Amino acid sequence: MLKIRWFKGQWLHITFSKVLLYLVMLALVCFTALPLVYLVCTAFKPLDELFVYPPRFFVHHPTTKNFTDLVVSLGSSTVPFTRYFFNSVVVTVIIVVGTVIVSSMGAYSLVKFKPPGGQALFNMILIALMFSAHVTKIPSYMVVNKLHLINTYGALILPNLAVAYNCFLLKQFMEQYPDELIEAARIDGAGEFRIFLQMVMPALKPATATLVVFSFTNNWNDYFSPLIYVTSQAMKTLPLALQTISGGAAGMSVGRAGAVAAATFLMTLPTVVIFTIMQGKVMETMVYSGIKE
Amino acid sequence: MSSSLAKQIKREQLRQLTAGERFTRFWKRNWIGYAFLAPFVILFTIFTVAPVVTAIGLSFTDYNMMQTPHFVGLNNYKLLFLDDEVFTIALSNTVKFAVIVGPVGYLLSFLAAWVINQLQARRAFTLAFYAPSITSGIAMSVVWMVIFSSDRYGYLNNFLLNMGLIDEPILWNTDPNYIMKVVVFIQLWMSMGTGFLVFLAGLQNVPRSYYEAAAIDGVKNKFQELIYVTLPVMKPQLLFGAINSIVGSFGVFEIAVSVAGMPSPNYAAHTIVAHLYDYAFIRFQMGYASAVAVVLFIITFVLGRIVMKLLSSKGE
């Protein structure tokens, strides 16, 4: 064992097993981080390095030409790029906020009020969770079409709010919230909505932060909804628009490969930013930690 | 005795009430619960329940997406189990796959969350571990293509050749003997993020005082802490993770297709969802595809119920 003087007179204990643990985790994490590293490297690769054979992982002569290429190819699009970006931001933000509100209220009711029919609803949630999305796509389209939502923000937002997965996630965390605290607040005369907003929700920060990450990643990258629910150019969101710009799903056209790499990089950035912000909340220690049951 | 008598009296009182009064009573007791539930239920019914129910209904029909579906009873299911040999392959592939990826991915993601939660610089570790989920699909396919490329320049082949372990490059994505192993590996690598993040959040939900109390009760090391304190408190998250990995491992499709193509050589990477996709979007037999979805759903639902029995948070 090695002892090192740490700041404020504390001792830092370094044991062999600890070093080993860090090394193992470091190796694992280097491996899992590969795609992210690759993404960054590729965005800065000059064209000849993008097509070098055998393929190379790291970039040798970084360039920003891909980004200027992207701007040029965006200029050729009929709808200004800012419109796609605006669509994506509006849709994703409303979905994330909406799904947190709708799912947490639903989950809270299922766990703490247990109204008659709640168990049946939970079973339905499980069924929805397990039913392959591929075969529900066509019926979903029929529903959206019937409601005359095609080509509106509604088509992109409404079907993605009450997601079975999200409600299930929050329900699991709600179960850990002590009933005693709610009872006590009721006795003190707090209204039900106040209990929910001021006590339960703050305590659920790790859960809601996790949900925000999941929901943001899924909807920011969602390619399917705009593909089938939207036909007008002006309503498209970033993933679909970028695909059109880069020359269609099949066409990794050689000339645009650099622009695509840059676009992919830029598309991933907001997700990383959201993750980094939310991460702190995921690992926040609970407010009610001190309560003994 | 007295409580059962009280109950009987109450029931008697209830019976004397009119339907209207009974409803008011019921409403008074439950309105707040329904109020909280209403937004979710409305949206969920319209946009999720309706499509799922429709799809289940379609599984009893012959529907090619052009003509109106017509009812064929259990015909699709009969075909599926008696005549469709490819489905049998898909079923066995999926089960083999899920048996490995489900539990291993589950355990690994929990272990990773548990260990990383105790490390210094855990934010950096977390981001790196969650990276495959952030970049899913886009960058992943390129990354493993570089690694598992079937020629001698693929990183893995290159490495094995240099080490002298193999003489010929291995055809990772065309040799039926290797396809499934490669798919298992990549899926494990990619799919751990969700469970990992939920476990990480769940770990913060374990009150510190529990650990202190456990230390007084004679819990000595981290592993005892894990078994006696952390795991029991984390049951809700463990259940969520388990359901998530059941659904994920039985739903394997995209990665199998991008590794081996569709159809894969000798159907070596043909999974249930690949079969479903084939019938839904290539042959346009929606009824048959829905029947496949129902079978898949039944398998996962039964497994899910078993897991829920095992991890029920009420059974303490």
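1. A friendly start with a helix pair: α9(B) passes α10(B) in a right-handed crossing, where right-handed means that the near helix is turned clockwise from the far one by less than a right angle, and left-handed that the turn is anticlockwise. In this contact, which has 6 nonpolar, no polar and 1 charged residues, Ala, Val, Leu, Ile, Met, Phe, Trp, Tyr, Cys and Pro count as nonpolar, Asp, Glu, Lys and Arg as charged, and the others, Gly among them, as polar. The residues that meet are B:Tyr210, B:Tyr211 and B:Ala214 from α9(B) and B:Glu225, B:Tyr228, B:Val229 and B:Val233 from α10(B); contact here means C-beta atoms, placed from the backbone, within 7 Å.

2. A word on what you are looking at. This is a predicted model, in which local features need pLDDT of at least 70 and side-chain atom pairs count only at pLDDT 80 or more, while totals for chains, interfaces and linings use all residues. Residues are numbered from 1 along each chain as its sequence is written, and chains are lettered from A and ligands numbered from 1 in the order in which they are written.

3. Back to the geometry of that pair. Helix α9 of chain B spans residues 208-216 and helix α10 of chain B spans residues 222-233; their axes come within 10 Å and cross at roughly 150°. The axes are lines fitted to C-alpha atoms, for helices over the stretch in contact, and the angles run from 0 to 180 degrees between N-to-C directions. α9(B) and α10(B) are therefore roughly antiparallel, a label for angles over 145 degrees, with under 35 counting as roughly parallel, 65 to 115 as roughly perpendicular and the rest as oblique. Helices (H or I, at least four residues) and strands (E, at least two) are DSSP runs, numbered from the N terminus.

4. Which helices pack with α4(B)? One of them is α11 (residues 235-250) of chain B, at an angle of about 145° to α4 (residues 85-116) and with the axes 8 Å apart. This crossing of α4(B) and α11(B) is right-handed. On the α4(B) side the contact uses B:Thr94, B:Phe97, B:Ala98, B:Val101, B:Gly102, B:Gly105, B:Tyr106 and B:Phe110, and on the α11(B) side B:Gly241, B:Ala242, B:Ser245, B:Ile246, B:Ser249 and B:Phe250. By class, that contact has 8 nonpolar, 6 polar and no charged residues.

5. Helix α13 (residues 272-282) of chain B also packs with α4(B), at about 145° and with the axes 7 Å apart. Here B:Val86, B:Phe87, B:Ala90, B:Leu91 and B:Thr94 of α4(B) meet B:Ile272, B:Ala274 and B:His275 of α13(B). The tally for this contact is 6 nonpolar, 2 polar and no charged residues.

6. B:Val183 lies in helix α8 (residues 176-203) and is buried, with 25 C-beta neighbours inside 10 Å; buried means 20 or more other C-beta atoms within 10 Å, exposed 12 or fewer, and partly exposed in between, with C-beta atoms placed from the backbone. Beyond its neighbours within four places in sequence, B:Val183 touches B:Phe97, B:Ile255, B:Ala256, B:Val259 and B:Ala269. From B:Val183 to B:Val259 the C-alpha distance is 6.9 Å, across 76 residues of sequence. B:Lys235 sits in helix α11 of chain B and is buried, with 20 other C-beta atoms within 10 Å. Its C-alpha is 9.1 Å from that of B:Gly202, which is 33 residues away in sequence.

7. Please check two backbone angles. Most residues other than glycine have a negative phi. A:Asn151 has a positive phi near 70°, in the loop between α7 (133-146) and α8 (153-157) of chain A, and is partly exposed with 14 C-beta neighbours inside 10 Å. B:Asn266 has a positive phi near 55°, in the loop between α12 (254-260) and α13 of chain B, and is partly exposed with 13 other C-beta atoms within 10 Å.

8. The contact between the chains takes 75 residues from chain B and 73 from chain A. Helix α2 (residues 19-58) of chain B gives the largest share of the chain B side, 20 residues. That side divides into 55 nonpolar, 17 polar and 3 charged residues. Chain A has 15 helices and 2 strands, and 40% of its 293 residues are buried.

9. Last, the domains of chain B. An automatic or database domain assignment gives domain 1 (2-58) and domain 2 (76-311). Their centres, taken over C-alpha atoms, are 39 Å apart.

Terms used: Contact = placed C-beta atoms within 7 Å.
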